Amino acid sequence: MPQLIERQTDSLSPQVRVHQTENIDSEVAICCHQACKRFSEWVEGSRSLKNAFRGEKKWVHAVNHVSFEVKRGEIFGILGPNGSGKSTLIRLISTLLLPDDGTITVFGKDVSTHHLEVRRWINRVSVEASFFKKLSAVENLRYAARLYGLPVEAAQEKALSILTRLGISRNKAFSPLETHSRGMQQKVAIARALMTSPVLILLDEPTTGLDPKSKRDVQQYVEEVKQTHDATMILTTHDMDEAERLCDRIAIIDKGTLIALDTPEQLKKQVGTDSLEEVFFQLTGKDWEDVLADEDSN
Ligand SMILES: Nc1ncnc2c1ncn2[C@@H]1O[C@H](COP(=O)(O)OP(=O)(O)OP(=O)(O)O)[C@@H](O)[C@H]1O
């Protein structure tokens, strides 16, 4: 019999509390069953005279019959070379795209038919986070929190506490975001995702572009959130140490297909190595240098 969970209700206004106390009775956070997503793209050149000048349409299977389950409370890593389908998978889970085939459910709700409910449970951090750049970090976070119905004082207090925890000084927290480095803005994006205690947090390369100290601050905070909140997290990263440190289980995808799924320890055991980077190389034929070089050339 699954245990009922409630989202955190501290500091929330009554109307929000109605949403937040909804019980989620599923032990499975995400169930992805034979999910597929195809995109069409034009390719140059042609075998036929008719298409010689206008190219041909080709289908790319970005996600190809992928199945897995994520347990509630897990940090689940998705690793793969560039173009392997990680972002497409995250976008399918967060209802930004709909699967062409197969099903994806979040806490038992189908993303295709219950996208509004699913969206309420999710917060996503990605490198292209948008902000009001003339406003300060605190003002941006207060604005986001107000959309979720958090009272102003509680929102400000929470914003400052998370920003301080992530290593942003009070002075910086009150200065316009346009004066912050990209790494600092990335931290503010993470703080925003954690402001409203979402039950499912999608962290799409959350530490890309951060210096080593900031990276450690973010990783420590993610661990703290895991211990103190009933949150499930999906993490994509190009940092193998980060994946090993934070993830309970890791899925490796290549060309849209799931090629391995297990705990970091088991993956290393299966491949007969003590390095996750070596696991990645053995399974995908790409080493991390290739992945980072691809990243730079994109
Ligand atoms: N909107 C789109 N239209 C056409 N093709 C797309 C679209 N989005 C993704 N693709 C293609 O789908 C495949 C998977 O892309 P996706 O962005 O999911 O990979 P990724 O693993 O996240 O890559 P990266 O590590 O570079 O971010 C690629 O071949 C990509 O070109």
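This is a predicted model: local features need pLDDT of at least 70, side-chain atom pairs count only at pLDDT 80 or more; totals for chains, interfaces and linings use all residues.

User: What share of the protein chain is buried, and what share of its contacts joins residues 24 or more positions apart?

Analyst: A residue is buried under 20% relative accessible area, exposed over 50%, and partly exposed in between (1.4 Å probe, protein chains only). Of the 298 residues in the protein chain, 46% are buried. Contact means heavy atoms within 4.5 Å. Among contacts with a separation of 6 or more, 68% are between residues 24 or more positions apart.

User: How should the span of a helix be read, and what is the case for α5?

Analyst: The expected span is 1.5 Å times one less than the number of residues. For α5, with 14 residues, that should give 20 Å, and its end C-alpha atoms are 20 Å apart, which agrees. Helix α7 (residues 182–195) also has 14 residues; its first and last C-alpha atoms are 20 Å apart, close to the expected 20 Å.

User: Which residues of α5 and α7 are buried, and what do they pack against?

Analyst: An α-helix has 3.6 residues a turn, so residues three or four places apart point the same way. In α5, the buried residues are A155, A159, L160, I162 and L163, and they pack against α4, α6, α7 and α8. In α7, eleven of the 14 residues are buried, so this helix is largely enclosed by the rest of the structure. Among them are G183, V188, I190 and M195. The buried residues of α7 pack against β6 (122–125), α4, α5, β7 (200–204) and α8 (212–228).

User: How is the packing angle of two helices read, and at what angle do α4 and α5 pack?

Analyst: Axes are lines fitted to C-alpha atoms, for helices over the stretch in contact, and angles run from 0 to 180 degrees between N-to-C directions. Angles under 35 degrees count as roughly parallel, over 145 as roughly antiparallel, 65 to 115 as roughly perpendicular and the rest as oblique. Helix α4 (residues 137–147) packs with helix α5 (residues 152–165) at about 130 degrees, their axes 9 Å apart. That makes α4 oblique to α5.

User: Which residues form this contact, and how do they divide by class?

Analyst: From α4, A137, V138, L141, R142, A145 and R146 meet V152, A155, Q156, A159, L160 and L163 of α5. These residues comprise nine nonpolar, one polar and two charged. By class, Ala, Val, Leu, Ile, Met, Phe, Trp, Tyr, Cys and Pro count as nonpolar, Asp, Glu, Lys and Arg as charged, and the others, Gly among them, as polar.

User: How does α4 lie relative to α7?

Analyst: The two helices pack at about 30 degrees, with axes 10 Å apart; α4 and α7 are therefore roughly parallel to each other. In this pair, A137, L141, A144 and A145 of α4 meet V188, A191, R192 and M195 of α7. Their contact has seven nonpolar, no polar and one charged residues.

User: Is H180 buried or exposed, and where is its place?

Analyst: H180 is buried, at a relative accessible area of 6%, and lies in the loop between α6 (170–173) and α7. Not counting residues up to four places away in sequence, H180 touches A137, K172, S175 and Q185.

User: Where is L246 found, and what does L246 touch?

Analyst: L246 is in helix α9 (residues 240–246) and counts as buried at 6% relative accessibility. Leaving out residues up to four places away in sequence, L246 touches I75, Q219, V222, E223 and L235.

Methods
Residues are numbered from 1 along each chain as its sequence is written. Side-chain values use heavy atoms; hydrogens and water are left out. Helices (H or I, at least four residues) and strands (E, at least two) are DSSP runs, numbered from the N terminus.
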